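Hi,

Here is the structure I promised to hand over, with the sequence alongside. Have a look at it first, then read on for what turned up.

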Amino acid sequence: MAIKFNLILGTLLVVVAILLHVSDARRGWKEVSGIQDGWKPITNITQEVMEIGMFAVDEHNKETKTKLKFQEVIKGESKVGKGINYYCLVISAKDGDSPHNYLAKVWFKTEEKSKNLTSFEECKEENGEGANCNFT
């Protein structure tokens with residue numbers, strides 16, 4: 001009985017720890033995305049920025065079971081807060097033969113080498129639908 005109770009308690013503690021970790025990461029994105037201070041334009045698209053863009057497309061494909069093909073990072077902004085690097089990138093990706101631009105939001109914890117795609121939307125078209133990709 002004690003072993004069964006300890007197993008349930010241990011599992012519950014792990015679940016709570018994971019939820020707190022995810023909640024903290026999401027709160028961090030809201031804190032930095034709610035204000036413009038500290039966001040810096042990415043003026044040099046480095047290999048690291050390209051890899052984050054590729055990660056965003058790959059994760060989106062996994063989540064939505066699509067087959068977008070990464071083309072390039074067009075522009076972006078970044079901010080560092082609480083040991084987390086936040087990226088807001090406009091990415092070009094092909095859907096079949098048709099290229100489209102997407103706004104991707106990714107956070108990256110350098111210490112843990114973990115990345116998380118928090119948002120991936122197609123940029124606004126002339127009809128006004130989609131994400132606003134007019135920054136920097």
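Let's start with the largest nonpolar core, which has 19 residues; Ala56, Val57, Leu89, Ile91, Leu117 and Phe120 are the ones that touch the most other members. Keep in mind that this is a predicted model. Helix 2, strand 2, strand 3, strand 4 and strand 5 are the elements that each give two or more residues to this core. The biggest giver is helix 2, with five residues. There is also another core lying apart from this one, made of nine residues, including Ile84, Cys88, Cys123 and Cys133.

Leaving out residues up to four places away in sequence, leucine 89 touches Ile42, Val49, Ile52, Gly53, Val73, Lys75, Gly76, Tyr102, Leu103 and Ala104.

Now for the overall layout. The protein chain has two helices and five strands, and from the N terminus on they run α-β-α-β-β-β-β. Of its 136 residues, 34% count as buried. If you take contacts between residues at least 6 apart in sequence, 45% of them join residues at least 24 apart.

What do the five strands form? They make an open sheet in the order 1-2-3-4-5, with antiparallel pairing. Strand 1 (40-41) and strand 5 (114-122) stand at the edges with a single partner strand each, so one side of each has no neighbour in the sheet. Helix 2 (residues 47-64) packs on the sheet and touches strand 2, strand 3, strand 4 (98-109) and strand 5. The direction of helix 2 makes about 70° with that of strand 5. As background, strands of a sheet pair through backbone hydrogen bonds, either parallel or antiparallel. Here, strand 2 (residues 69-81) and strand 3 (residues 84-95) pair in the antiparallel sense over 11 bridges.

Is lysine 40 buried or exposed? Its relative accessibility is 56%, so lysine 40 counts as exposed. Once neighbours within four places in sequence are set aside, lysine 40 is in contact with Gly76, Glu77 and Ser78. The C-alpha atoms of lysine 40 and valine 80 are separated by 9.6 Å, and these two residues are 40 apart along the chain.

Next, the aromatic rings. How many aromatic pairs does a search of the whole structure find? The search turns up one. The ring centres of tyrosine 102 and phenylalanine 120 are 5.0 Å apart and the planes are at 25°, so this pair is stacked. Since tyrosine 102 lies in strand 4 and phenylalanine 120 in strand 5, the pair ties together parts that are 18 residues apart in sequence. Both tyrosine 102 and phenylalanine 120 are buried.

Phenylalanine 120 also shows up in the surroundings of histidine 60, a residue of helix 2. Histidine 60 has 14% relative accessibility, and it counts as buried because the cut-off for that is under 20%. Apart from neighbours within four places in sequence, histidine 60 is in contact with Lys65, Thr66, Leu68, Leu117 and Phe120.

On to charges: the count of salt bridges comes to one. The side chains of lysine 62 and glutamate 59 meet in it, at 3.3 Å from N to O. Why are these two separated by about one helical turn? Lysine 62 and glutamate 59 are three residues apart in helix 2, which means about one turn between them. Lysine 62 is exposed, with a relative accessible area of 58%.

Finally, a backbone detail. Most residues other than glycine have a negative phi. Lysine 65 is not a glycine, yet its phi is positive, at about 55°. Lysine 65 lies in the loop between helix 2 and strand 2 and is exposed, with a relative accessible area of 74%. Lysine 82 likewise has a positive phi, near 55°. You'll find lysine 82 in the loop between strand 2 and strand 3, where it counts as exposed at 66% relative accessibility.

Conventions. Residues are numbered from 1 along each chain as its sequence is written. This is a predicted model: local features need pLDDT of at least 70, side-chain atom pairs count only at pLDDT 80 or more; totals for chains, interfaces and linings use all residues. Side-chain values use heavy atoms; hydrogens and water are left out. Two strands pair if DSSP finds at least two bridges between them. Helices (H or I, at least four residues) and strands (E, at least two) are DSSP runs, numbered from the N terminus. Contact means heavy atoms within 4.5 Å. Axes are lines fitted to C-alpha atoms, for helices over the stretch in contact, and angles run from 0 to 180 degrees between N-to-C directions. A salt bridge is a side-chain nitrogen of Lys or Arg within 4 Å of a carboxyl oxygen of Asp or Glu. Buried means under 20% relative accessible area, exposed over 50%, partly exposed in between (1.4 Å probe, protein chains only). A nonpolar core is a set of buried Ala, Val, Leu, Ile, Met, Phe, Trp, Tyr and Cys residues joined through side-chain atoms within 4.5 Å. Rings of Phe, Tyr and Trp (its six-membered ring) pair if their centres lie within 6.5 Å; planes under 30 degrees apart count as stacked, over 60 as edge-to-face and the rest as tilted.
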